[in-house]
Amino acid sequence: QVRLVESGGGLVQAGGSLRLSCAASGRTFTTSRMAWFRQPPGKEREFVASIILSGGSTYYADSVKGRFTISRDNANPTVYLQMNSLKPEDTAAYYCACAAGRLGGYDYWGQGTQVTVSS
């Protein structure tokens, strides 16, 4: 079992920045990949970014490339999402997830943190 706890959400004006954190605890040695997803109001959950913990390879949705950066601290372990140049369409509940394998779905999810970008 792995527990994920997100933090760092809030209200920000368009063009501003926020940094989300996701702290993992429990059987974290089973985790090889972590990711951020988001669910805008009234829409389905969508992929934002992911990172391979060993090696640090990263992947991004086209909508956030060049604005968001995912990183990790393997010692804790914690994954971060630095969000710059935020837009109102980035408003969503942001969820952290982790997986044992490098491919496929995610095994554990956090409770989410709300990000609201005002215009």
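Reader: What makes β9 and β10 count as paired strands?

Author: This is a predicted model. In it, β9 and β10 pair in the antiparallel sense over 2 bridges. Pairing needs at least two bridges, so the call stands. In β10, Trp-109 is the bridge partner of Ala-97.

Reader: Which other strands pair with β9, and how do you know?

Author: β4 pairs with β9 over 7 bridges, in the antiparallel sense. There, Met-34 has Cys-98 as its bridge partner in β9. β11 (residues 113-118) pairs with β9 over 3 bridges, again antiparallel. Gln-114 in β11 is the bridge partner of Ala-93. The threshold is at least two bridges, so both pairings qualify.

Reader: Why is β9 called largely enclosed?

Author: Buried means under 20% relative accessible area. In β9, 8 of the 8 residues are buried, so the strand is largely enclosed by the rest of the structure. Both faces are covered. Ala-92, Tyr-94, Cys-96 and Cys-98 make up one side. Ala-93, Tyr-95, Ala-97 and Ala-99 make up the other.

Reader: What makes β1 an edge strand, and in which sheet?

Author: The sheet is open, has 4 strands and runs in the order β1-β3-β8-β7, with antiparallel pairing. The edge strands are β1 (2-7) and β7 (68-73), and each pairs on one side only. From one strand to the next, the twist averages 15°. β1 pairs with β3 (residues 18-26) over 6 bridges, antiparallel. Val-5 stands opposite Ala-23 of β3. Asp-73 has Thr-78 in β8 as its bridge partner.

Reader: Why is the pair of Phe-37 and Phe-47 called edge-to-face?

Author: Two values settle that. The centres must lie within 6.5 Å, and planes over 60 degrees apart count as edge-to-face. For Phe-37 and Phe-47 the centres are 5.7 Å apart and the planes at 80°, which makes the pair edge-to-face. Phe-37 lies in β4 (residues 33-39) and Phe-47 in β5 (residues 46-52), so the pair ties together parts 10 residues apart in sequence.

Reader: Why is the pair of Phe-37 and Trp-109 called tilted?

Author: Planes under 30 degrees apart would count as stacked, and over 60 as edge-to-face; the rest are tilted. Phe-37 and Trp-109 have their planes at 55° and their centres 4.9 Å apart, so the pair is tilted. The pair links distant parts of the chain: Phe-37 is in β4, Trp-109 in β10 (residues 108-109), 72 residues apart. Phe-37, Phe-47, Tyr-106 and Trp-109 form one aromatic cluster.

Reader: Which arginine lies over the face of Tyr-106?

Author: Arg-33 does, at 4.4 Å from the ring centre. The cut-off for that call is within 6 Å of the centre. Arg-45 has its charged end over the ring of Phe-37, 6.0 Å from the centre.

Reader: What makes Ser-85 stand out?

Author: Ser-85 has a positive phi of about 50° although it is not a glycine. Most residues other than glycine have a negative phi. Ser-85 lies in the loop between β8 and β9 (92-99). At 41% relative accessibility, Ser-85 counts as partly exposed.

Reader: How do you know whether Thr-91 is buried or exposed, and what does its side chain reach?

Author: Thr-91 has a relative accessible area of 15%. Buried means under 20%, so Thr-91 is buried. Its place is in the loop between β8 and β9. The side chain of Thr-91 reaches the backbone oxygen of Pro-88 at 2.9 Å. It also reaches the backbone nitrogen of Val-117 at 2.9 Å. Leaving aside neighbours within four places in sequence, the contacts of Thr-91 include Pro-40, Pro-41 and Gln-114.

Key
Residues are numbered from 1 along each chain as its sequence is written. This is a predicted model: local features need pLDDT of at least 70, side-chain atom pairs count only at pLDDT 80 or more; totals for chains, interfaces and linings use all residues. Side-chain values use heavy atoms; hydrogens and water are left out. Axes are lines fitted to C-alpha atoms, for helices over the stretch in contact, and angles run from 0 to 180 degrees between N-to-C directions. Rings of Phe, Tyr and Trp (its six-membered ring) pair if their centres lie within 6.5 Å; planes under 30 degrees apart count as stacked, over 60 as edge-to-face and the rest as tilted. A charge sits over a ring if NZ of Lys or CZ of Arg is within 6 Å of the ring centre and within 35 degrees of the ring normal. Buried means under 20% relative accessible area, exposed over 50%, partly exposed in between (1.4 Å probe, protein chains only). A polar contact is a pair of N or O atoms within 3.5 Å; within protein, one must be able to donate a hydrogen and the other to accept it, and residues adjacent in sequence count only if both atoms are side-chain atoms. Contact means heavy atoms within 4.5 Å.
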